[in-house]
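Welcome, and thanks for taking a look with me. Below are some notes to read with the structure open beside you.

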Amino acid sequence: MRIDIAAVGRLRKGPESAMVDDYLDRFAKAGRSLGLPRITMTEVEDKRGGGMAAEAELLARAIPAGSVLVLMDERGEQPTSPDFALRLAGWRDGARDVCFVIGGADGLDASLRARADWQVSLGRMVWPHMLVRVMLAEQLYRAATILAGAPYHRE
Ligand SMILES: C[S@@+](CC[C@H](N)C(=O)[O-])C[C@H]1O[C@@H](n2cnc3c(N)ncnc32)[C@H](O)[C@@H]1O
């Protein structure tokens, strides 16, 4: 199994990137005994102003072939954290690769939506993409702790 996050835009060094790194490190440590790999983050940037279509092409290149494609989108499904953890366990148990995709200022192109396996919302409000990276990294770490039975997540 491999887990990727493909995101539009470059995250500069700062509080958000420190939080993403911290949660991804914590995920790597918690995931070791669970058969979950370290998560790879790939950033793409279209400098020619080609909009969502150009970003979609760059994202498509960053998505490993055969991966389960999960789009982060405010219009998507809103799973609970335990449900999200169960999905993660299912992909691991099925030896599936999974790639989470975060869009840019205009969102994600229809060509990506058409091939998405799952669209996940972190609530109906729109968040800046750098905060979505932090929140996704935290939910992945939370999912690992749920699978490990660690007392991080509380209902
Ligand atoms: C600034 S938002 C773009 C919003 C854009 N208006 C749209 O229609 O998608 C940048 C990216 O952050 C992610 N995002 C923002 N809010 C989200 C939410 N509530 N749930 C999941 N992902 C979200 C999406 O991947 C989105 O493409």
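Predicted model: local features only at pLDDT ≥ 70, side-chain atom pairs only at ≥ 80, totals over all residues.

1. Not counting residues up to four places away in sequence, Ala54 touches Asp46 and Arg48. Gly66 is another matter: Ala54 and Gly66 are 12 residues apart in sequence, and their C-alpha atoms are 21 Å apart in space.

2. Next, please look at the largest nonpolar core, which has 39 residues. The residues with the most contacts inside this core are Phe27, Phe100, Val101, Ile102, Ala137, Leu140 and Ala144. The elements that give two or more residues to the core are the strands β1 (3-8), β2 (39-44), β3 (68-77) and β4 (98-102), together with the helices α1 (15-32), α2 (51-62), α3 (81-93) and α5 (129-148). Which element provides the largest share of this core? That is α5, with 10 residues. As general background, nonpolar side chains tend to be buried together in soluble globular proteins.

3. Leaving aside neighbours within four places in sequence, Ala144 is in contact with Phe27, Ala30, Gly31, Leu34 and Leu36. Phe27 is, like Ala144, among the residues with the most contacts inside the core.

4. Met19 lies in helix α1. With 17 other C-beta atoms within 10 Å, Met19 is partly exposed. Met19 and Ala137 are 118 residues apart along the chain, yet their C-alpha atoms are separated by 8.5 Å. Ala137 is also one of the residues with the most contacts inside the core.

5. The 13 residues of α3 reach 18 Å from first C-alpha to last, close to the 18 Å expected at 1.5 Å a residue. Ala95 has a positive phi of about 55 degrees, although it is not a glycine. Is Ala95 buried or exposed? It is exposed, because 8 other C-beta atoms lie within 10 Å, and 12 or fewer make a residue exposed.

6. The 20 residues of α5 should span 28 Å at 1.5 Å a residue, and the end C-alpha atoms of α5 are 29 Å apart, which agrees. This helix is followed by Gly149, whose phi is positive, near 70 degrees. In the segment after α5 you will also find Glu155. Glu155 is exposed, with 5 other C-beta atoms within 10 Å. The C-alpha atoms of Glu155 and Glu77 are separated by 20 Å, and the two residues are 78 apart along the chain.

7. A ligand comes next. Its surroundings comprise 19 residues, and the closest are Met72, Glu74, Gly103, Gly107 and Leu122. By type, this shell divides into 10 nonpolar, six polar and three charged residues. Both β3 and α5 supply at least two residues of the shell, and β3 gives the most, with three.

8. The UniProt record, an unreviewed entry, has a "binding site" annotation covering Gly103, Leu122, Gly123, Arg124, Met125, Val126 and Trp127. Gly103 and Leu122 are also among the residues closest to the ligand. Gly103, in the loop between β4 and α4 (110-115), is buried, with 22 other C-beta atoms within 10 Å. Met125, in the loop between β5 (118-120) and α5, counts as exposed, with 7 C-beta neighbours inside 10 Å.

9. Finally, which residues does Gly103 contact, leaving aside neighbours within four places in sequence? They are Val8, Leu108 and His129. Leu108 is itself found in the loop between β4 and α4 and counts as buried, with 21 C-beta neighbours inside 10 Å. Beyond four places in sequence, Leu108 touches Met52, Leu71, Asp73, Val101, Gly103 and Arg113. Ile63 is 45 residues from Leu108 along the chain, and their C-alpha atoms are separated by 14 Å.

How values were computed:
Residues numbered from 1 in each chain as written. Core = buried A, V, L, I, M, F, W, Y, C linked by C-beta atoms within 7 Å. Buried ≥ 20, exposed ≤ 12 C-beta atoms within 10 Å, placed from the backbone. Helix = DSSP H or I, 4+ residues; strand = E, 2+ residues; numbered from the N terminus. Contact = placed C-beta atoms within 7 Å. Expected span 1.5 Å × (residues − 1). UniProt positions renumbered as here; feature names shortened; annotations may be inferred. Near = placed C-beta within 6 Å. Nonpolar A, V, L, I, M, F, W, Y, C, P; charged D, E, K, R; others polar.
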